[in-house]
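The sequence and structure follow.

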Amino acid sequence: MTGRTRRGILSVDEGTTGTRAAVVLDDGSAAPPAYRPISVHSPDHLRVEQDAMEIWAKTAEVCAQALEWARAHDVEVTGVSIATQRATVLLWDTVTGEPLTPAVVWQDRRYAARLRAWEPGWDARLVEHTGRPVGSRAPLLWAADVLRDDPAVRRAHEAGRVAFGSVDTWLVWRLTGGARHVMSATNAVAAGAYDLRTGDWYEPWRDFLGCPRDVLPQILDEDGDYGHTDPSVLGVRLPVLSVMGDQHAAMIALGAHRPGQAMCVHGTGTFLDAVAGDRPPAHRRAVPGVLTLVGWRSRGAAVFSLEGYAATTGSAVRWLCEEIGLFDSPAQLTALAREHPGPSRVRFLPALAGMRTPVWSPEATGVLTGLSLSTTRAELARGVLEGIAHSVCDLLDGVEQALGAPVTDLFCGGGLASSDVLMASQADLVGRPVRRARANETASLRGAAYLGGVRAGLWPDLPAALAGLGDVPVFEPTLPDAAREEARAAWRDLLSRHISYQQEESPS
């Protein structure tokens, strides 16, 4: 030991099903994270909600544990960074500090049918200005409805004490003792009313949805001025160095920094994001579900990205284990999948909350087919992972079509990325190498901290923060081209037949 005081950043990763915090050290590594699960409630097949006070309480708990770790290990904490689930929103009372509503989760589809009627008149304008069509959710429409229809919320708004925000807005407001009502650009994009060219709210859409401007937060760069933590909250006063959406934080930590590089993160859903450059990309081809986003904004400059996602991959695995009971745990599922040589005759489409790419169908359901008396649990497990790998291929195909260029590097992370079967299946089906980033399970934690750490002077730039982690393991494709094309054709046929069946069965 040299006696040099180690420095680090308290980093929070507030995801859909849990929140974690850890100190990210100046060598780029993360200390063991503290973790608390967060409940997710589905009152019906369209609504998905959370308790905002539970989100805050669990986040405060893990922050306290991470700071205790820093004290015990003589680490100087220089600031706070936050990565959060995106497009999960709430309204709260700025005087009492109490939520006025549940947090409406990004998987919520209560407005999907209503929004379809607005697609002809709005899709083209929204794609041009916000990078996305009308879509299946509209957080600002939800806020407008609550402000109009809930008497208690309406009275609070008339008294000037209502704030709207996503989870990052809520956590920063809480951490700063109510001093800052702000939202990072990456989270504002996910709210569906962010103007990619002005960097502010897209007023025509906001006005059409009926959401009053006075409840909306100010939009900031990811490393903008988020204030300082209130000492009465965490016991210390620290600058909030960076705030960003979790998938964008993962992009930074997994190494997708330059145009053409992409990352695929397997969490509650699977997200594939490719760096597009310093201007909003002109979609070479309209692809359902592929969105233009801000990858991150730093020091007044934006890096743009293209994203496709499958909403229920990780949550589908948990559903198979916890609700249906086919496997004891996701770990058992991945272990069993190794026992089957593959390919599996089982086909699993993990569309438990609709499809986005390659077909836009918010009402779509999942598929489990190809079962016979000879099907084993191992073959079933492998079929589940191969289905997720096919979904990744769909996302990659869509992003490349919109980008008009191939993705040169694909870095993978998230919980299911620990499965060699899944990584090998992805490599086989995309027909190119797949890189599993090191320490990928802490990607969102580290990515937000890296951006904040550059601002605080811990690293000169983002690549320097990653330099100490070493090379990443690479999975090379082994499936012959003809077999890959046959597998992909069979998958596309399954999708086509399933969507056609659903359209025939849907009420007119």
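Eighteen residues, written here as 18, line the largest cavity, and Arg132, Pro133, Val134, Gly135 and Ser136 are those nearest its centre. A cavity is a set of points on a 1 Å grid over the protein atoms alone where a 1.4 Å probe fits but cannot get out, and lining residues have an atom within 4 Å of a point. The model is predicted: local features need pLDDT of at least 70, side-chain atom pairs count only at pLDDT 80 or more, and totals for chains, interfaces and linings use all residues. Residues are numbered from 1 along each chain as its sequence is written, and side-chain values use heavy atoms, with hydrogens and water left out.

**Cavities**

The count is three cavities of 30 Å³ or more. A volume is the space filled by probe spheres set on the grid points, which are joined across faces, edges and corners. In the classes below, Ala, Val, Leu, Ile, Met, Phe, Trp, Tyr, Cys and Pro are nonpolar, Asp, Glu, Lys and Arg are charged, and the others, Gly among them, are polar.

| Cavity | Volume | Lining | Lining by class |
|---|---|---|---|
| Largest | about 200 Å³ | 18 residues | 11 nonpolar, four polar, three charged |

H13 supplies the largest share, three residues. Helices (H or I, at least four residues) and strands (E, at least two) are DSSP runs, numbered from the N terminus.

**Sheet and helices**

Five strands form an open sheet in the order S3-S2-S1-S5-S11, with mixed pairing. Two strands pair if DSSP finds at least two bridges between them. Strand S3 (34-37) and strand S11 (240-245) are the edges, each pairing on one side only. From one strand to the next, the twist averages 20 degrees. S2 (residues 18-25) and S3 run antiparallel and are joined by four bridges; alanine 21 stands opposite alanine 34 in S3.

Helix H6 (residues 167-175) lies across S1 (6-14), S5 (75-84) and S11, at about 145 degrees to S5. Helix H15 (residues 443-456) lies across S1, S2, S5 and S11, at about 140 degrees to S11. Contact here means heavy atoms within 4.5 Å. Axes are lines fitted to C-alpha atoms, for helices over the stretch in contact, and angles run from 0 to 180 degrees between N-to-C directions.

Technical notes:
On a 1 Å grid over the protein atoms alone, a cavity is a set of points where a 1.4 Å probe fits but cannot get out, and a pocket is an open set with protein on both sides within 12 Å along at least five of seven lines; lining residues have an atom within 4 Å of a point.
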